[in-house]
Structure formats: C-alpha cells, structure tokens
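The entries follow the order in which I checked them.

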Amino acid sequence: LFRWQKVLKQNRGKLEALNKASTAPKKKRRREIPEEVKNFILNERKFDPQLSKDKLSVLLKEDGVADLSASTVGRMLNDMKKLGLLPKLNKLSYYAKSDTFREKQQIKRKKLRSKGHEGGLVKADSIVRFTNGIKRYIVTAIDKENKFAFAYAYKNHSSDSATDFMKKFQSVAPLQLTHVQTDNGSEFAKHFEIYLEKNGIIHFHTYPRCPKMNTEIERFNRTLSDAFIKQNRHLLAYDINTFNQKLIDWLLWYNTRRPHWTLGLISPLQYIVSRLTTKESQMCWTDTNTLQTTTSVLF
C-alpha cells in the first residue's frame with residue numbers, strides 16, 4: 001500500500017500509474033564473446049566470408065576451442081557484425097553489356113493473396129521443357145470456375161513473354177478477366193505487373209513453395225504435358241510456330257469437347273453457355289462459332 005501511495009504521489013494521483021509496468025531488469029547481462037572464439041571465427045571467415053553458424057559450430061568443437069551450439073554461434077556472429085568486426089557482404093549482379101558488377105537492389109513489395117477472395121479468378125503458371133539441350137517455355141492459364149484454359153509456347157522466360165501471353169488469353173477467353181493468381185516467378189513481374197495494373201486487373205501471388213494454392217493450373221499442366229507436349233517435343237524444340245498452331249487446335253478440342261468431372265462431364269464452353277440467359281446466349285453465339293477464327297489471328 002505504501003508503494004502504491006508513493007507511485008500515486010509521484011504521478012499526481014493518476015490511476016494509470018498503478019498499471020503493471022515492465023519487470024525487466026534495469027541492468028541486463030551482456031553477451032561476451034571469448035577472445036579465442038572471436039579470433040577463430042575471424043580466421044575461418046578469411047577462407048569463406050559466408051561460412052555459416054552450423055559449420056563454425058562443428059569446426060569449433062573439432063578444434064577443441066569451444067563446445068557451442070549453432071544458435072549461440074549465430075548470436076555471436078550478429079554481435080560481431082554490429083561491432084564492425086565482420087564485413088557486410090552485398091549481393092552483386094553482373095551486367096554483361098557494360099562488363100560491370102553492381103550492387104543488387106531488392107525491392108520488397110507487399111504481395112496480395114487470394115485467401116477469402118470470391119468471384120472470377122484465373123490462375124497462370126509456366127512449364128519448362130528441355131529437348132536435346134534446347135530449352136522452351138509454355139505459359140498456361142485456366143479459369144478457376146469454368147475451367148476454360150489457354151497455353152502458348154515461347155523461346156524465353158521473360159515478363160514480356162508473359163505479358164504477350166496475357167494479351168492473347170484476353171483476346172480468346174469468353175470471360176471478363178479481373179483477378180489473376182500466379183507464383184512468384186520472375187516472368188510474372190515487371191512488364192507483366194505493369195500490364196495488369198494498366199488494365200485494372202488485380203494480381204494475387206501464391207505463398208512460396210505452396211503449389212497447392214494453384215491446384216487447378218497444376219492439374220491442367222499435367223493434362224497438357226501427358227496429352228500434347230510429350231507427343232510434340234520435337235516441334236517444341238525446332239519449330240515452335242508449328243507447335244503453337246497444333247496447340248491451338250488441341251485447346252479448341254479441350255475447351256469445346258473434353259468433358260470435365262468438376263463441371264458435370266461437360267466441356268468448359270458448354271458450361272459457360274449453360275449459365276447464360278437466353279438473351280446472353282444468343283448474343284454470344286456468334287463469338288463461340290468464330291472462336292477458331294479469333295485464335296487464328298494470334299499467328
């Protein structure tokens with residue numbers, strides 16, 4: 001009671017002063033790094049500036065310097081960095097055109113997730129294939145609800161290619177594109193994000209190493225690989241234009257003929273038409289008949 005009275009008196013009778021304060025000690029014990037451990041770390045790091053705490057812990061035990069866990073060594077490394085005993089290593093990128101190294105700047109952007117999203121969502125991904133040392137890329141996309149799918153092959157893995165693919169997808173897909181979900185690949189950054197932002201399309205990202213968030217597109221990739229890519233790998237490597245032409249024919253069959261279990265054993269286009277009103281169905285009839293003509297414009 002006397003302590004409470006003293007506190008109230010010091011704070012001019014404010015009751016908030018009686019709230020529980022921090023019980024941390026005023027003088028905290030500081031971690032001290034033994035001189036022999038410090039010298040050992042500095043000596044080993046001369047050979048490898050990025051030698052990890054786990055390996056340093058093993059070496060310390062082998063040489064009989066100290067029996068320290070990897071976490072303890074890690075804390076010591078952080079302390080030595082703060083004291084300036086260890087150099088700060090910057091990641092450098094090599095630019096071939098100018099033959100120079102420059103510090104790599106990492107721009108952190110807040111990535112949106114589709115958790116809790118309701119409504120139309122298109123999921124996109126890319127497939128990589130090697131044939132006799134030749135590397136090719138197939139960008140794919142599928143609508144989560146009606147399973148309308150599209151794919152196109154490219155010679156490179158740039159964001160320009162992904163942007164070109166999205167333009168083609170919008171020109172042939174009988175749906176309004178408002179939300180797109182991709183993984184964190186570099187092809188779905190820079191120009192791809194600029195294009196989506198200009199067209200008012202929201203871009204969702206999956207969590208790293210979490211393919212279960214893109215189950216629909218992963219399953220389509222498997223179907224595409226088994227039913228088409230395996231039989232046309234030679235064309236993919238040596239005649240990519242012919243490969244894309246044959247791919248469009250296969251996609252026409254996939255979207256207009258192939259029954260899907262999740263749609264009640266009807267094709268994606270049949271499912272889309274079945275959900276339209278009579279007036280909307282008559283308006284879209286011409287578009288569905290000329291789908292093949294529209295896709296031929298891609299070439």
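Which side chain meets R31 in a salt bridge? I looked it up in the model, which is a predicted one. The partner is D79, with an N to O distance of 2.7 Å. I then placed both ends along the chain. R31 sits in the loop between α1 (2-10) and α2 (35-47), while D79 belongs to helix α4 (residues 70-82). The two are 48 residues apart, and I noted the pair as a link between distant parts of the chain.

Next I checked accessibility for this pair. R31 has a relative accessible area of 43% and is partly exposed. D79 comes out at 17%. Buried means under 20%, so D79 counts as buried at that value.

How many salt bridges does the structure hold? I found eight. I went through some of them individually.

Entry on D67 and K61. Their side chains meet in a salt bridge, at 3.7 Å from N to O. The cut-off for a salt bridge is within 4 Å, so I kept this pair on the list at its 3.7 Å. D67 counts as exposed, with 66% relative accessibility. K61 is partly exposed, and its relative accessible area is 46%.

Entry on E145 and R275. I recorded a salt bridge between these side chains at 3.3 Å, N to O. Where do the two residues lie? E145 is in the loop between β4 (134-143) and β5 (149-154), and R275 is in the loop between α10 (268-274) and α11 (278-289). The pair therefore ties together parts that are 130 residues apart in sequence. R275 has 54% relative accessibility and counts as exposed.

Last entry, on D54. I located D54 in helix α3 (residues 53-62). Is D54 buried, partly exposed or exposed? At 43% relative accessibility, D54 counts as partly exposed. I also took its separation from G13: D54 and G13 are 41 residues apart in sequence, and 55 Å apart in space from C-alpha to C-alpha.

Conventions. Residues numbered from 1 in each chain as written. Predicted model: local features only at pLDDT ≥ 70, side-chain atom pairs only at ≥ 80, totals over all residues. Heavy atoms only, no water. Helix = DSSP H or I, 4+ residues; strand = E, 2+ residues; numbered from the N terminus. Buried < 20%, exposed > 50% of the residue type's maximum accessible area, 1.4 Å probe, protein only.
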